[in-house]
Amino acid sequence: MPLPSRFGRRARRMNNRVIKVDYLARVEGEGQLLVKIKNDAVTDVKFSIIEPPRFFEAFLRGRHFTEAPDITARICGICPVAYQMSSCHAMESICGVKVDGALRELRRLLYCGEWIESHALHVFMLHAPDFLGYEDSIQMAKDHPDLVKNALKLKKIGNEIMILLGGREIHPINPKVGGFYKVPTKKQLQGLVEPLKWALDFAIESVKIMAGLEFPELERDYEFVSLRHPDEYPLCEGYIVSNKGIDIELSKFFDYFEEQHVPHSTSLHAVVKDRDDYLTGPMARYANNYDKLTPKAKKAAEDAGLPKVVLNPFKSIIVRAVEMVFACEEALRVVDEYKMPDKAYVEVKSKAGVGFGCSEAPRGICFHRYEIDDGGIIKDARILAPTSQNQKAIEKDLRQFVENHLDLSHEKMTWQCEQAIRNYDPCISCSCHFLNLQIERE
Amino acid sequence: MSPIKKPKLAVWKFASCDGCQLSLLDCEDELLAIADAVHIANFPEASRAVVKGPYDISLVEGSITTPHDAERIHKIRRSSKFLITIGACATSGGIQALRNFKDVNDFISIVYANPEYIETLNKSTPIADHVFVDFELRGCPINKYQLVEVLNAYLNGRKPNIPQYSVCVECKRKGNVCVMVATGAPCLGPVTQAGCGAICPTYQRGCFGCFGPKETPNTSSLADWYKNLKLSEDDIMRYFRSFNAFAEPFRKESEAHE
C-alpha cells in the first residue's frame, strides 16, 4: 500500500536509513554490505568480507616449490588457472626458466577456457538477472529459456577446454611448473574448433544483448590497473600499467602498491601508495589494452557503441562479453596454429631466490611473490587476489551511487547496491586471505 | 504445478574455495532438470531468493574454522532432514587443516598485520566432528556426476552408489599404465578413494590424494615403496599432508615421517 503523500515527503526530506545485506548472493564466497545514511549524507559504507581466513601464505612455507600450482589453485574454485599460472611463472622466474612456443600457447588456451567459463557464469548466471529483474538465472530461464540454455552451452565449452588441457574443470591437475604433465595431440584440439566457432558467434551476439540493457548511472575517475604485453591482450604474463602513469616490472609491485588490514574484513585492502583505490579486472584490461583486442572482439565493441574507455562500472557486463569474444577468437587461433611439442614441459631445477608472477584472472590481476631456498622449499609467499584489490573501489562506487540515488526505495536501493558489488564479479573465497551487504538508514 | 511438494534443497558454505558448490552450476546439461526436480530454496552463490527451512537436503561445503561457524552448523543440522557434506574441506578439514599441525597464532601473524581483528579456531575440522552427517561426498573438488548421483539417491530414497575402492581400480579399468611402476612417480592411488576417474595417472602424473583415504588403506606399506623411490622423509610427509591432511590415515602416516 502506498504511503500517504505527506509521509512520503517527510521521508524524503530526512533521509536517514540503514541498508544492510547480511549475506550477499550471486557472488563466490561470503560478504556483507552496510551503508549508513544520515540527513541525506552517506556516513558509512562497509563492504565486509566475512569469509573465514584460510592462511594460504602461512602454510605455503615449508612446501616444495613444485607444489605451489596445486596448492594455490585451492584458493579459488572459480579461477584456479589464475593461481596456477601466476605461481608457475613466479617459480620459473626464480629458477631462470622460460616456457615458450607451443607450451606457452597451450597455457593461453587453458586460460581462455577459464575466461569463457568464468565470464559466461558471471555475465549470464550471476549478473544479467539483476538487469532483467530476476532473483536468479533459473527464474530467468522461465522467460528467456534460449538465452540461459545458450549461456550454459557457452560455459560448457569453456569447461571443455579446461577438461582437455587441465584434466578437469575445477582445480586442473595437468599444469605444472615448467609446462604440463601431458600435452594434447593436434587432433584432440581440433575437436574444439566447431564448438568454439559456435561460441564465438554466440559471444558476439551476447555483446549486442548486454549493450541493450538499461544501466544505472554511475561514473568515476578510476585508476585502471592491469597487465600489458607488447604483442597481445594480456593473460598469463606482462608488466603492470595504469592509466595514471604506472608502468613497472612485476618486481617493483610493492614499491607502488600496499595492502592495508581493516577491522571489518578478513581480506586485506590494496591501494596505490600515496594515492588511493584502484580498479582491476575487465574494465581496466579493456581500457589499457584496447589496441591489443582481436579483430572480432574490437568490431563487436564498436558495433555495440562501446567507447575505448568505459567508466560506468555497471557496463562491465558488456566489457566481459567483449572479452568472451576475445577468448573464443584467441582460443581458435591457438588451436589452428598448434603443433604438438616433443616434450610436455621444460625441466626446472630449484635455485634459491625471489620471484614474481602475475596473470589476469577473469576478475583482475592475481599477483604472487615467492622466496625459495636451494632445496626448492618455499620460505615466504605473498598473494594478492583481484577482489581484495577491488574492495576499496567497490566501497567508493557504493558511496557515490547511494549519494546520487537517495530517492530510491529501500528495496530498490538494496538491490542496486548488491548489483554495484556484483559489477566486480567479486570472488570472495579468493580474496580472503576476503563479502556480506548492509544499508543502514538511521 | 505445486511447488510446495518439491523437495527443498539448500547449499551452505563454510571455509572453502567455492569449487564444490560450483560443481552444481557446472552441471550445464543437468542444471535446469535439477531445478525442475527440486526447489532450490537456499543457494546464495546462484540466487538472492531465500526460502525458509526446514530443508529436505542440505549440501554443506567447507570446514569449521571459526567459533561462529561452529554454532552455525548446529542450526543447519536442526533445519535439515538430510545433511550431505561435499568436498575435502567438509569431510576432512581441507587444505586449511594444515594449520592443525602448527600454532595458528603464528599463521595469523604471517598473513595479517593486525591479528586482533581475526577470529579463528586453532583447528580446521570436518563437519562430522560437530554434527551427524548423513553422507560424505569426497573430492577436491567433488565429481559433479557423483553429486548428481547422491542427489538422485536421496530424492528417491535409496543408497548412493559411490564406490570406496582405490584409484588403482579406476586406472586398471581405463587401461592406464601404472605411473609408479613405469615412471617411478610417487602415486597415492593405492590408498586414495576412487571418484575422480584416475585423472592424474591418465595425465602421466602420480595421484595426490584429492578424494582422501580409501577404506582400510595400507599407508605405511605405500610409504615404504616411496622410500624405494628415493623420496626423503620430508617428501613423504608432504605427500600425505595435503588436501586431506587431517583425515586420520593420512594424518597418522604424515606424522610418522615428521
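Modeller: Two strands pair if DSSP finds at least two bridges between them, and that criterion is applied here to a predicted model.

Biologist: What makes β11(A) and strand β12 (residues 364-372) of chain A a pair?

Modeller: Nine bridges join β11(A) to β12(A), and since the criterion asks for at least two, these strands, which run antiparallel, count as paired. Within this pairing, Gly355(A) stands opposite Tyr370(A) in β12(A).

Biologist: Why is the sheet with the order β11-β12-β13 (chain A) called open, and which strands stand at the edges?

Modeller: The sheet has three strands with antiparallel pairing; β11 (353-361) and β13 (378-384) of chain A each have a single partner strand, so one side of each is left without a neighbour in the sheet. Direction ignored, neighbouring strands of this sheet are turned by 15° against each other on average.

Biologist: Which strands of the sheet does helix α4 (residues 80-95) of chain A touch, and what angle does its direction make with that of β11(A)?

Modeller: Helix α4 of chain A packs on the sheet by touching β11 and β12 of chain A, and its direction makes about 150° with that of β11(A).

Biologist: Turning to chain B, how do you know that domain 1 and domain 2 of chain B are in contact?

Modeller: The domain assignment gives domain 1 (3-155) and domain 2 (167-255) of chain B. A contact requires C-beta atoms within 7 Å, and by that cut-off 14 residues of domain 1 of chain B are in contact with 13 residues of domain 2 of chain B. On the side of domain 1 that touches domain 2, the largest share, three residues, comes from helix α4 (residues 88-92) of chain B, and by class that side has five nonpolar, eight polar and one charged residues.

Note on methods. Residues numbered from 1 in each chain as written. Chains lettered and ligands numbered in written order. Predicted model: local features only at pLDDT ≥ 70, side-chain atom pairs only at ≥ 80, totals over all residues. Domains from an automatic or database assignment. Contact = placed C-beta atoms within 7 Å. Helix = DSSP H or I, 4+ residues; strand = E, 2+ residues; numbered from the N terminus. Nonpolar A, V, L, I, M, F, W, Y, C, P; charged D, E, K, R; others polar. Axes fitted to C-alpha atoms, helices over the stretch in contact; angles between N-to-C directions.
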